[in-house]
Amino acid sequence: MAVRNIRQLGDSILAKKCREIKEITPRLRELINDMKDTMYDANGVGLAAPQVGVLKCVVVIDVGDGPIVLINPRMLESNGEQTGEEGCLSVPGKYGIVTRPMYVKIEAWDENMERIVVEGEELLARAICHEMEHLEGHTYVEKVEDGLHDVEEEA
């Protein structure tokens with residue numbers, strides 16, 4: 001396991017669509033473990049494979065309840081609306097106001113290629129939507145409602 005370099009806004013890989021994963025391989029398991037390490041090292045709540053330079057449909061998320069691995073995630077349902085601050089490990093030191101669904105329900109596969117259904121509200125819903133957009137070649141910057149702001153450093 002290792003911490004990988006996080007690609008920054010402007011890197012062309014962040015604008016590319018990811019490929020579907022067909023099977024679990026040792027390299028994919030290594031990627032998933034490295035993504036978890038990288039996310040935790042950067043104090044993030046989510047990370048998508050293109051953010052570490054890999055165009056595969058896999059994300060890892062941890063909003064405080066332990067890591068969730070989502071392979072080939074697909075939105076089944078979304079409801080409600082929440083507007084709030086959002087940041088991204090690929091856009092360090094910045095945040096913006098983004099509106100997302102309050103609730104989402106997705107289908108994906110876990111690291112054993114077993115089908116899972118994940119329901120999330122509030123921060124988990126926001127993180128799922130944010131990371132799934134990375135898989136389509138989009139970043140939250142495209143949805144920011146009031147421009148990017150600098151994160152205030154804590155003293």
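This is a predicted model: local features need pLDDT of at least 70, side-chain atom pairs count only at pLDDT 80 or more; totals for chains, interfaces and linings use all residues.
Which element supplies the largest share of the lining of the largest pocket?

**Stop 1: the largest pocket**

Select V45, E86, G87, C88 and L89. Among the 22 residues that line the largest pocket, these five are the closest to its centre. The space in this pocket comes to about 520 Å³.

Next, colour β4 (82–86), β5 (94–100) and α2 (122–135), each of which gives at least two residues to the lining. The answer to the opening question is α2, with five residues, the largest share. Colouring the lining of the largest pocket by class gives ten nonpolar, seven polar and five charged residues.

**Stop 2: helix α2**

Keep α2 selected and hide the rest. The helix has 14 residues, and the distance from its first C-alpha to its last is 21 Å, close to the 20 Å expected at 1.5 Å a residue.

Bring the rest of the chain back and show the surface. How many of the 14 residues of α2 are buried? Twelve are, and the helix is mostly covered. To see them, select L124, A125, R126, A127, I128, C129, H130, E131, M132, E133, H134 and L135. The buried set includes charged side chains, among them R126, E131 and E133.

Then step just past the end of α2 to G137, where phi is positive, at about 85 degrees.

**Stop 3: the cysteines**

How many disulfides does the structure hold? The count is zero.

Start with C18. The closest cysteine sulfur to that of C18 belongs to C57, and because the two are 5.1 Å apart, they are too far for a bond; the cut-off for a disulfide is 2.5 Å. C18 is buried, with a relative accessible area of 7%.

Move to C88, one of the residues closest to the centre of the largest pocket. Its closest cysteine sulfur is that of C18, 13 Å away, so this pair is also too far for a bond. C88 is buried too, at a relative accessible area of 11%.

**Stop 4: the second largest pocket**

Which residues line the second largest pocket? Select R4, T25, R27, L28, E30, L31, V54 and K56. About 170 Å³ of space lies here. By class, this lining has three nonpolar residues, one polar and four charged.

Methods
Residues are numbered from 1 along each chain as its sequence is written. Side-chain values use heavy atoms; hydrogens and water are left out. Buried means under 20% relative accessible area, exposed over 50%, partly exposed in between (1.4 Å probe, protein chains only). On a 1 Å grid over the protein atoms alone, a cavity is a set of points where a 1.4 Å probe fits but cannot get out, and a pocket is an open set with protein on both sides within 12 Å along at least five of seven lines; lining residues have an atom within 4 Å of a point. Grid points are joined across faces, edges and corners, and a volume is the space filled by probe spheres set on the points. Helices (H or I, at least four residues) and strands (E, at least two) are DSSP runs, numbered from the N terminus. The expected span of a helix is 1.5 Å times one less than its number of residues.
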